[in-house]
Structures are given as structure tokens and as C-alpha cells.
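Please look over the sequence and the model before reading on.

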Amino acid sequence: MATQLLIPMDEVQKDHLKSYGVAYWMLNREVEVDWLLNYRGGSFAFKHSAAAENELVVRGVSYQVVSDAQYDGLVALIKSPEVNMDVMKLEKVPKIAVYSPKTKQPWDDAVTLVLTYAEIPFDLLFDEEVLDQKLLKYDWLHLHHEDFTGQYGKSVRRYRGQDWFRAQQQESEGLAKKYGYGKVSQMKLGVVKKIKEFVAGGGFMFAMCSATDTYDIALSAEGVDIVDALFDGDGIDPQAQDKLDYNKTFAFKNFTISLNPYEGEFSSIDNQRQDRAGLYEGNDFFSLFTFSAKWDAIPSMLTQNHEKTIKGFMGQTTAFKSNQIKSEAIIMAENKIAKEVRYMNGTAGKGFWTFYGGHDPEDYWHMPEEGPTDLALHPNSPGYRLILNNILFPAAKKKKQKT
């Protein structure tokens, strides 16, 4: 009798994170995967085979074997208009790139960690590959803890004497010279514009931490010097703030940039510590929105989870002030008390972007030079699940969003 394998993604699942890796593995073997939106936490299903069942066992992923007749009944239930569920077909293997410097960094990357743990393959690329148009080979690009304004993460006060900081500066200055840019900030703007072209052409960009706000700041400041002489040898345009063009950004509007080279913040976008008074590790949470699976398939995919309340976590950019987000952005998670958004999505041309605040979903204060988070200790992390939802998003047979 023909059967299906069902991977439940509710509380019974032993390893939510590796479940995504199995879905990717099936797609790589040209097996279509059903993503059952809002059914038991966003479960997966595909045709049974001995190889697939063995892979589930080896990876420690919980599963059920159901008959075709049982599965047909389940699909009929999910597709009935009375329930907020739907079946999303995953058909394509997304080709994944992670933007990361060649020099050693004193921090790790949550996306690289979870992709490695889930056994989902990816390629590393950086400025050189982006400027050489290598992005065109990929469907999905991740940006993490990056400073696209050319100010080296404004780490000058604490880290300027560190070997890794000097190596990063030398690498960036060398690449700027190689590609004919007068300054690192101009080269980074060139990278940002290439990424924008990638998204407009149908690519998917996912950013976390400081790669979110600095990306939009760089776009808004095209042709405007916002970088102090400490970094590039000449001064800031005294009219820099007034010359920002918010029409060029993906997500943010009406923000004020920080022109102090010794200040770790880049702008008013980030909901800073003084704005988050009263929030600490024990009470810092954000809530996922629930969308209509049948009408709003894209945000529904991106918010699939077994929990709707997620533990907060800090980063150089932790959260986004609600009043500095464009109205066309789709808010997917927020902390209403702090008036901040933690997770949002939008479109640019034919493509999509997602911004996710914070650095490491399972380490509230993840500091430079700390060891990487061991995800074997967090196989059911709802915060890391949000990252993996984005990984599978390009595999979906898209439906036009109706709201």
C-alpha cells in the first residue's frame, strides 16, 4: 500500500531544526515536499521511501507513516475553507549563499550555525564575489552582523587594536582599491546596490543584526559622505542628515543617522537600551503574528512555528522602532510594549527581503569572541526556526498574496 511520511512540527517533534534539513534533502533528491501551513506547527509530508525513512531515523527527526487515503483526508481537511491552513508545494532546491568576510571574525553567525546543524549546504561569498556578479547563481542570500556604511561596525573604541579588526580593514581597503573605489564606504555601497539588483531580479535576501539597518542606511546615503575622517581620511558632509533619500530604502523611513565615530549605534532605527527600559532577559519576548494561510501564504510560511511567543535576544541591532518602518513592510513579529518590530518582510521588484533583529536566538547577550552556540542543546528553538522558514521559502510554488 502506498504511504506518506509526515514530519509533525508541533511539540511532539524531537528536532525541529533538523526537520528542515530533511525537507531540503528530499528536494535535493527531486521529491516534492508538502509544507502543511498552520497544521501542527507547519508540518512537512512527502512520499514514503526506505531511504527517506532511514534518513529521518539517522537525523533523529520524529515522523509518522500514514496511508495515502489518510493523507488525502488530511489534505481535504486542510484545504477546507473553514480552517486557517493550506498546503504549500515545495518544488525547487534553493541555492544558498552566505555573505561573510574571508578574515576571521570574533563573532559567529546564527544562520551559518543553523544551516550547518540542519545539514543544509551553502556557499560563502563576500564583496569580491558580489561585485563580480556571482550572486546570479543563487536564489537566497544571507547578510549578518555586517556594516554596509563602511564604518567597520563602529568598533573603533573597543576593537581598533585587535588583529581581526586590522585584518578586516586591510581586506576592505584592498578590495576597494582593486575595484576602483576611492573609499571602503563607496565599495560597500556598490555591494549594496548589486544586492538590490539581485533582489529586484527575483532573489531573496535575509538579513539579521546590523546588516538590516546599515543596508538601508547605505542606500539612503548614496552620494552623501556620512563616514568620519577617522575611517576614510575626510570629513562628513555637514548636510548629510538632510540629504538622506528614504525612497531608496527597503524598510525604513525618517530615521536619524549617528555621525559619532565612537558610538556603536548607526541610527535611530535600532530600539536602543534606553528605549527598552524595563526589559531584560527574563521578560524580553516578542509575539508572532498569525496570518491567513490561504490568503497570505508568504508571511504564513515565514511565521510557521510551534510557539507564538519567542524569547527576545540582543544584537548590535536588536529591534526596529515601529514608527520608522515603511507602511508597505509586512510586520511578522513585534513587542508592543516596547513599540518595536523584531521580524518583517517585504518585496522589491520581483524579489523579497526579510529583516530579523538580534544576533543569536539562543544567547541573549552574545558577545564577541564567545564560543558558538551548540544547537544540539536547542533542537526545538523557535527563534532559530524563523531563520529556517526563510531558507525554504524560495522552494515554494508561490501564490499571489491577496492582502
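Predicted model: local features only at pLDDT ≥ 70, side-chain atom pairs only at ≥ 80, totals over all residues.

Residues are numbered from 1 along each chain as its sequence is written, and side-chain values use heavy atoms, with hydrogens and water left out. The structure holds 19 salt bridges (a side-chain nitrogen of Lys or Arg within 4 Å of a carboxyl oxygen of Asp or Glu). Side chains of opposite charge can pair when their charged atoms come close.

**Lys 89 and Glu 32**
- Lys 89 and Glu 32 form a salt bridge, with N to O at 3.3 Å.
- The two residues sit 57 residues apart: Lys 89 is in strand E5 (residues 86-90), and Glu 32 is in the loop between helix H1 (16-28) and strand E2 (33-37).
- Helices (H or I, at least four residues) and strands (E, at least two) are DSSP runs, numbered from the N terminus.
- Lys 89 is partly exposed at 31% relative accessibility, and Glu 32 is partly exposed at 39%.
- The classes are set by relative accessible area: buried is under 20%, exposed is over 50%, and partly exposed is in between (1.4 Å probe, protein chains only).

**Lys 188 and Asp 127**
- A salt bridge joins the side chains of Lys 188 and Asp 127, at 3.0 Å from N to O.
- Lys 188 belongs to helix H8 (residues 184-200) and Asp 127 to helix H5 (residues 127-131), so the pair ties together parts 61 residues apart in sequence.
- Lys 188 is buried, at 3% relative accessibility.
- Asp 127 is buried, at 0% relative accessibility.

**Other salt bridges**
- Asp 237 pairs with Lys 243 in a salt bridge, with the closest N and O atoms 2.8 Å apart.
- Asp 237 is buried at 16% relative accessibility, whereas Lys 243 is partly exposed at 44%.
- A network of salt bridges links Lys 183, Asp 225, Asp 232 and Asp 234.

**The Thr 249 site**
- Thr 249 lies in the loop between helix H11 (240-243) and strand E10 (285-288).
- Thr 249 is buried, with a relative accessible area of 6%.
- The Thr 249 side chain reaches the backbone oxygen of Phe 252 at 2.7 Å.
- Setting aside neighbours within four places in sequence, Thr 249 is in contact (heavy atoms within 4.5 Å) with Asp 216, Leu 219, Ser 220, Phe 255 and Lys 326.

Terms used:
Polar contact = N/O pair within 3.5 Å; in protein donor to acceptor, adjacent residues only side chain to side chain.
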